[in-house]
Amino acid sequence: GRNLKVEAQHMKLCRDYMEEKLREAFGNMFIVNCSTQPRLPNTSNFAINQTNCGSLNVLSRVNFIASKGAACHSHSTSTPSRILLNSGVEYDVAMKSIRVSLGVENTVQEIDTVVEDIVNVISELTRL
């Protein structure tokens, strides 16, 4: 059978590893939304707070599937997530927010690929 505790711990380790790698790449431009609140172990909601790095700009260029804002807001393209705004995330940061959900089968190598993809896309966008 499945061991949900072990699976949750694995996903949390992967999420934390991804956030650590993105923080290394972007320093204080990398913002984890609601990081002081209880979070799901498999979900990271973050922003790269740089010019031209709105979530739709980034998401249209990466080679993986992610969404902007909270799941219940992902259909809207022109406004930030109400959930993020109500959680105290600044409007500008909410407009740049990306939500990545990880699964039990994700590996560190896959996360390295995602981080590399984000770094390349942000580099491209900040040169525009």
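Buried means under 20% relative accessible area, exposed means over 50%, and partly exposed lies in between (1.4 Å probe, protein chains only). Keep those cut-offs at hand for this tour.

This is a predicted model: local features need pLDDT of at least 70, side-chain atom pairs count only at pLDDT 80 or more, and totals for chains, interfaces and linings use all residues. Residues are numbered from 1 along each chain as its sequence is written, and side-chain values use heavy atoms, with hydrogens and water left out.

**Stop 1: the whole chain**

Show the chain as a cartoon. Expect 5 helices and 3 strands. Helices (H or I, at least four residues) and strands (E, at least two) are DSSP runs, numbered from the N terminus. The chain is as compact as a globular protein of its length, because its radius of gyration is 14 Å, close to the 14 Å that the globule rule gives for 128 residues. That radius is taken over C-alpha atoms, and the rule is 2.2 Å times the number of residues to the power 0.38.

Along its principal axes it spans about 50 × 30 × 25 Å.

Now colour by accessibility. Of the 128 residues, 39% count as buried. The chain exposes about 7400 Å², and carbon and sulfur atoms supply 52% of that area. Areas come from the Shrake-Rupley method with a 1.4 Å probe; for residues, only the protein chains shown count as cover.

Contacts come next. A contact means heavy atoms within 4.5 Å. Among contacts in the chain with a separation of 6 or more, 68% are between residues 24 or more positions apart.

**Stop 2: helix α1 and its charges**

Select residues 4-26, which make up helix α1. Which residue forms a salt bridge with K12? D16 does, with the closest N and O atoms 2.7 Å apart. A salt bridge here is a side-chain nitrogen of Lys or Arg within 4 Å of a carboxyl oxygen of Asp or Glu. D16 and K12 are 4 residues apart, about one turn of the helix.

D16 also bridges to R15, where the closest N and O atoms are 2.9 Å apart. Is R15 buried or exposed? R15 counts as buried, at 5% relative accessibility. D16 is partly exposed at 25%, and K12 is partly exposed at 34%.

Move along α1 to K21 and E24. Their side chains meet in a salt bridge of 3.5 Å, N to O. E24 and K21 are 3 residues apart in the helix, so about one helical turn separates them. E24 counts as exposed at 53%, whereas K21 is partly exposed at 26%. Shared partners join K12, R15 and D16 into one salt-bridge network. A search of the whole structure finds 7 salt bridges.

**Stop 3: the packing of V115**

Select V115 in helix α5 (residues 108-127). V115 counts as buried, at 9% relative accessibility. What does V115 touch, leaving out residues up to four places away in sequence? The answer is M18, K21 and L22. For a distance check, pick L84: its C-alpha atom is 23 Å from that of V115, and the two are 31 residues apart along the chain.

**Stop 4: the β2-β3 pair**

Select residues 43-48 for strand β2; this strand pairs with β3 in the antiparallel sense over 5 bridges. Two strands pair if DSSP finds at least two bridges between them. Zoom in on N45, which stands opposite R99 in β3. Then select residues 97-101. Strand β3 is largely enclosed by the rest of the structure, because 4 of its 5 residues are buried.

**Stop 5: two loops with positive phi**

Most residues other than glycine have a negative phi. Go to C34, in the loop between β1 (30-32) and β2. C34 is not a glycine, yet its phi is positive, about 60°. C34 is partly exposed, at 24%.

Next, select N52 in the loop between β2 and α2 (55-59). N52 is not a glycine either, and its phi is positive at about 70°. At 32% relative accessibility, N52 counts as partly exposed.

**Last stop: cysteines**

Select C14, which counts as buried at 4% relative accessibility. How many disulfides does a search of the whole structure find? It finds 0. The test is a pair of cysteine sulfur atoms within 2.5 Å.
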